[in-house]
Amino acid sequence: MEEYSVTVTDLINKMNLVNHTPDIDTDKILIQDPNINRPAVQLAGFFEHFDAARIQICGNVEHAYIANMHTEEENREIFEKLFAYKIPAMIFCRNLQPYDFIIEAGNRHGIPILTDSQGTTSDFVHEVDRWLHVELAPRISIHAVLVDVYGEGVLIMGDSGIGKSEAALELIRRGHRLVSDDVVEIKKVSKETLVGTAPDILRHFIELRGIGIIDVKTMFGVECVKETQTIDLVIKLEEWNRDANYDRMGLEDQYTEFLGNKVVSHSIPIRPGRNIAVIVESAAVNHRQKKMGYNAAQEMYNRVTQNFVK
């Protein structure tokens with residue numbers, strides 16, 4: 001699987017960090033590990049099992065330890081060893097100022113020394129961790145449409161020309177929001193969560209055969225578009241086949257897999273007279289009900305079973 005990266009410059013700009021080593025070209029330093037490390041035992045001189053690919057974050061505890069537990073000479077030796085591992089960056093939180101010998105060592109080894117002044121260390125760690133896991137997540141691009149319907153991310157799939165974009169347009173007219181048309185970039189941000197977005201070049205546009213390209217944001221307003229959306233449900237549109245056996249009860253969920261994550265999916269046969277937008281809305285609401293503990297198909301099955309018992 002392809003590895004993705006962000007630069008330390010991206011990190012500085014995203015988190016509004018102060019760079020104490022401006023002579024280092026942070027555009028060329030890549031971060032490829034979304035996890036972070038707080039150098040506890042490393043500051044004591046223990047480097048076994050040290051993951052040097054992670055950014056290093058120091059808070060009050062690390063800052064005080066550096067000041068009180070070693071002589072300056074010992075600290076210099078430890079940071080020489082630490083920076084020899086070529087970590088991507090070291091960040092001091094709570095607006096704590098890095099000691100001069102740390103900045104000097106950073107300059108010698110090409111390690112950016114940064115500070116954050118926005119809040120607590122734990123808040124900063126959480127925000128950086130969340131951002132890195134999104135930016136560095138495994139991803140694929142698929143031919144589909146992604147729409148936010150009642151807060152549920154509905155991925156509409158099907159052969160070219162089957163009516164995905166037309167269904168999306170009708171959903172937008174009914175008050176729902178477009179995330180992406182034609183191409184959806186899917187990121188696996190956790191073992192349970194997939195997030196979809198549009199490629200920059202296609203964002204907010206829909207292609208309608210016979211009309212061409214329309215700008216949803218301009219035509220319907222900014223409230224009708226969305227940048228990203230979790231993928232909660234897959235709707236597969238397919239040509240009607242009278243010989244096919246379509247699910248009429250929905251007692252057992254079907255799934256579509258992306259990047260190892262399974263998403264509930266429904267196959268919807270296309271036939272003249274069927275309002276696809278209404279069907280997608282109903283599927284989204286029904287999916288929400290199931291997540292909240294109510295299953296209409298199971299309720300009907302229970303009623304039928306109880307009726308037979310009587």
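Leaving aside its neighbours within four places in sequence, with which residues is Ile235 in contact? In this predicted model, the contacts of Ile235 are Val154, Leu155, Ile156, Met157, His266, Ile268, Val280 and Ala283. Ile235 also belongs to the largest nonpolar core, which has 29 residues. Within that core, Ile235 is listed with Val154, Ile156, Ile206, Leu237 and Val280 as the residues with the most contacts. Several elements give two or more residues to this core: the strands β9 (145–149), β10 (152–158), β14 (205–208), β17 (233–239) and β19 (261–270), together with the helices α6 (164–173) and α8 (276–291). Apart from this core lies another, of 22 residues, including Val8, Ile12, Ala89 and Trp131.

The pairing of β17 was examined next. Strand β17 runs parallel to β10, and five bridges join the two. In this pairing, Leu237 of β17 stands opposite Gly158. Strand β17 also pairs with β19, again in the parallel sense, over six bridges. Here Glu239 has Ile270 of β19 opposite to it. In a regular strand, side chains alternate between the two faces of the sheet.

A separate description applies to the strands β2, β7, β6, β5 and β4. These five strands form an open sheet, in the order β2-β7-β6-β5-β4, with mixed pairing. Its edges are β2 (18–19) and β4 (36–37), each of which pairs on one side only. Helix α5 (residues 121–135) packs on this sheet and touches β4, β5 (55–58) and β6 (90–92). The direction of α5 makes about 165 degrees with that of β5. Val18 has Thr115 of β7 as its bridge partner.

The cysteines were considered last. A disulfide requires two cysteine sulfur atoms within 2.5 Å, and by this rule the count comes to zero disulfides. For Cys93, the nearest cysteine sulfur is that of Cys58, 8.2 Å away, and Cys93 is in no disulfide. Because its relative accessibility is 0%, Cys93 counts as buried. Cys224 is likewise buried, since its relative accessible area is 8%; the cut-off for this class is under 20%.

How values were computed. Residues numbered from 1 in each chain as written. Predicted model: local features only at pLDDT ≥ 70, side-chain atom pairs only at ≥ 80, totals over all residues. Heavy atoms only, no water. Pairing = 2+ DSSP bridges. Helix = DSSP H or I, 4+ residues; strand = E, 2+ residues; numbered from the N terminus. Contact = heavy atoms within 4.5 Å. Axes fitted to C-alpha atoms, helices over the stretch in contact; angles between N-to-C directions. Buried < 20%, exposed > 50% of the residue type's maximum accessible area, 1.4 Å probe, protein only. Core = buried A, V, L, I, M, F, W, Y, C linked by side-chain atoms within 4.5 Å.
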